[in-house]
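Hello,

Here is the structure we talked about. Please open it and follow along with the notes below.

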Amino acid sequence: MGRLGFSTTESARLLLLVVFGVLALSVVLAEQEGENLSGLSDNPDKAIFAVRENGTTCLMVEFAVRFLVPYDVLALNGIDLITEQAAFTLPRGAEIEGKCGSTESEIQITWKNKAYTLRIYFDTEFRDKGIEVWKISKIQFVYDTSETSHFTNAYNPGKHTANTHHLLALVTPFGRSYVCSAQQTFTLISSDHQKGVTISMYDTQIQPFDIASDFIFSEPYKCITDQRERLEETLPLILGFILALIIVITLTVYHFHLKLTANQPQLPRDRSMYKNM
Amino acid sequence: MATLIRSKLSNKLSNAATTVSNKSQAKVSGMFARMGFQAATDEEGLGFAACDDLDYDHRQGMQMDILTTDEMGGEGSGEALDGDSHYQRDGTGPPNSASKDGDLVNELTEAKPKITAWEAGWNVTNAIQGMFVLGLPYAILHGGYLGLFLIIFAAVVCCYTGKILIACLYEEDEDGQLVRVRDSYVDIANACCAPRFPSLGGHVVNVAQIIELVMTCILYVVVSGNLMYNSFPNMPISQKSWAIIATIALLPCAFLRSLKAVSKFSLLCTIAHFVINVLVIAYCLSRARDWAWDKVKFYIDVKKFPISIGIIVFSYTSQIFLPSLEGNMQKPSEFHCMMNWTHIAACILKGLFALVAYLTWADATKEVITDNLPPTIRAVVNIFLVAKALLSYPLPFFAAVEVLEKSFFQDGGRAIFPDCYRGDGRIKPWGLSLRCILVVFTLLMAVFVPHFALLMGLTGSLTGAGLCFLLPSLFHLRLLWRKLLWHQVFFDVAIFVIGGICSISGFIHSMEGLVEAFRYNIQE
């Protein structure tokens with residue numbers, strides 16, 4: 001009985017160890033790793049980030065982002081506060097972390113030793129007629145005004161967080177990637193006296209769900225501005241074709257009109273050509 | 001007795017004076033003849049004019065024969081009577097001067113209709129009151145009172161050069177009457193270079209005319225596209241698409257056959273221009289309380305004023321159209337009166353518009369005055385401006401077609417290609433297709449040439465100044481040297497010099513502007 005008891009506790013401990021080991025292994029296996037592929041882009045401001053899970057990509061983001069952050073600076077008189085603007089772009093060498101899910105995803109981009117953090121949250125929604133779409137639900141930007149490379153002489157330096165409120169952007173049908181070369185701007189309200197932080201992204205291609213193959217975007221879905229540009233490009237061609245058609249029809253009608261009304265007496269031509277002999 | 005002696009003395013003195021002046025004149029003209037200048041009247045031209053009259057009568061007679069054999073109608077005799085009454089040589093010349101250069105042979109029932117002096121006036125107004133009136137307040141901003149003076153002075157000078165250009169078309173015959181021996185600008189140029197280079201002058205003037213007319217047509221397409229694009233920014237139609245739509249609207253211009261139809265368009269264009277003027281002036285008058293009378297300058301802004309000079313001076317260019325207008329008038333004797341009144345009206349309207357608009361906005365006056373207007377009035381003015389641009393297109397287009405057809409499409413081996421017109425005066429289908437090609441060409445240039453306004457300034461300062469100031473004074477001096485009074489010679493030389501200065505300064509500034517625009521584009 002003692003031997004049995006000992007073996008039971010021993011085996012129980014062993015079992016627990018094995019279970020923990022399996023759990024740890026599964027955590028290691030299921031770990032989502034962020035990859036920075038910015039070296040592949042041709043635009044020096046454009047960054048490419050990917051989050052991989054289970055050996056395949058589950059979230060890919062490709063964009064060029066510009067930040068416009070207002071912060072307070074002490075004026076020369078030492079009393080008043082002036083608002084300055086710091087403008088900078090998302091660097092290509094940032095670190096990525098991300099979480100993928102079937103209905104919710106998130107990507108976290110940090111740089112300068114976690115002095116700046118950009119988090120973008122995606123979720124899905126069912127529109128009427130059963131169409132599923134995904135969209136950005138929230139953008140959060142954390143910045144540290146004591147970081148001297150972009151903020152000079154900030155008053156009361158410290159970390160501030162800027163969030164979006166009621167954001168509905170980049171609405172795309174599920175299973176497709178969002179493409180927009182035009183610029184899109186988001187305004188975030190900062191914890192620093194409710195100042196407005198502006199984030200502009202352009203040359204965008206994003207897909208947070210349902211990526212079919214590794215590192216390859218699914219079918220692209222163009223934003224409205226790009227679609228309009230496409231229309232503006234094709235419209236001159238259509239109009240030019242209509243113009244050519246009108247000319248051809250007019251000439252043909254005139255030709256046949258002349259043929260039908262051709263019987264007029266030939267009048268004597270004038271002889272003023274003698275001047276040029 | 002004393003009076004008799006006095007009268008005899010005065011007679012002798014006057015005779016002596018005339019013989020002396022004749023001799024000196026003969027010496028001078030002999031000297032000029034040796035240098036290659038024309039020393040005598042164009043006897044040959046006079047002879048040809050007489051032949052043309054006889055030919056016209058002969059053809060009228062033959063037409064009557066055909067009519068009577070075909071229709072046995074009574075109208076034939078009526079035509080013959082008309083033919084006789086048209087044969088006048090009191091400065092009006094034979095009526096169908098258009099037929100001299102191998103133009104349309106008249107149909108029996110539809111002779112090429114003549115235009116009245118009013119219609120010629122609408123055409124000239126179309127040419128001199130163009131789109132550039134919108135830039136005049138900006139010119140006053142940089143030029144002050146000098147700009148206003150320049151508007152009046154340019155009107156006077158251009159009226160004078162127009163009249164001397166038409167004077168070059170006529171020669172005095174042995175009866176002392178003026179006969180119209182030349183028909184177009186090209187003929188005048190050829191006559192001037194007659195002894196040594198019989199056709200060089202004609203080629204130069206031809207090229208200059210074609211460039212100027214085609215550039216004007218392209219400008220109207222560019223302007224209408226631009227105005228429509230700025231009026232409807234929310235529609236997805238780009239400026240190129242608007243230019244194509246404007247060209248579709250202008251395609252019927254290919255069917256224009258006579259100046260009478262063009263005159264109707266010019267009349268509508270003048271009405272649209274008048275409405276624009278009234279709208280803007282009325283709005284400015286409504287703000288009369290805030291007028292800045294003290295802001296009108298006496299000094300000029302040396303850097304920016306030369307461009308304004310270009311805008312003011314070259315907006316009065318109508319000389320290209322004058323020979324054919326005068327040739328198609330029913331009563332060419334009314335030409336001088338028409339020129340005076342159109343230029344006076346243009347001068348008053350432009351001066352009033354520029355001054356009033358400048359006083360309303362003073363230093364805030366923009367380059368194009370419609371940018372200063374409030375949005376509602378701007379929308380209405382824009383619509384009328386587009387209508388004006390589209391209605392102004394037929395005149396330079398018709399003139400360009402005429403010039404091209406005369407130089408390249410004549411029968412009898414005179415030009416490269418055969419005639420565009422059939423025996424009964426109607427245009428052949430391939431002639432019509434050439435006109436359509438010209439319309440499409442203006443569209444393509446409007447769409448694909450960048451910085452068109454600057455390019456137009458460049459060519460305008462060369463061809464425009466040449467055709468409006470330099471060439472008329474030169475030809476006038478050359479052809480009518482023997483009959484000119486000294487003050488006329490002085491005017492001609494002064495206009496030539498001033499025109500040369502304006503042309504060179506305009507050329508330099510346009511080149512600078514173009515170079516800077518291209519450098520900016522490349523840097524972008």
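Searching the whole structure turns up two disulfides over all chains. Keep in mind that this is a predicted model. A disulfide is a covalent bond between the sulfur atoms of two cysteines.

Start with Cys58(A) and Cys100(A). Their sulfur atoms sit 1.7 Å apart, and they form a disulfide. The link is right-handed, with 70° about the S-S bond. It connects distant parts of the chain, 42 residues apart. Cys58(A) is in strand β3, while Cys100(A) is in the loop between β5 and β6 of chain A. Both Cys58(A) and Cys100(A) are buried.

Next, Cys180(A) is joined to Cys223(A), S to S 1.9 Å. This link is right-handed too, with 75° about the S-S bond. Cys180(A) lies in strand β11 and Cys223(A) in the loop between β14 and α2 of chain A, so the pair ties together parts 43 residues apart in sequence. Why does Cys180(A) count as buried? Because its relative accessibility is 1%, and buried means under 20%. Cys223(A), at 5%, is buried as well.

Number the bonded cysteines of chain A in sequence order, and the pairing reads 1-2, 3-4.

Now chain B. Cys269(B) is in no disulfide. Its nearest cysteine sulfur belongs to Cys253(B), 12 Å away. Cys269(B) is buried, with a relative accessible area of 1%. Cys502(B) is in no disulfide either. For Cys502(B), the nearest cysteine sulfur is that of Cys158(B), 9.8 Å away. Cys502(B) counts as buried at 16% relative accessibility.

Best wishes

How values were computed: Residues are numbered from 1 along each chain as its sequence is written. Chains are lettered from A and ligands numbered from 1 in the order in which they are written. This is a predicted model: local features need pLDDT of at least 70, side-chain atom pairs count only at pLDDT 80 or more; totals for chains, interfaces and linings use all residues. Side-chain values use heavy atoms; hydrogens and water are left out. A disulfide is a pair of cysteine sulfur atoms within 2.5 Å. Helices (H or I, at least four residues) and strands (E, at least two) are DSSP runs, numbered from the N terminus. Buried means under 20% relative accessible area, exposed over 50%, partly exposed in between (1.4 Å probe, protein chains only).
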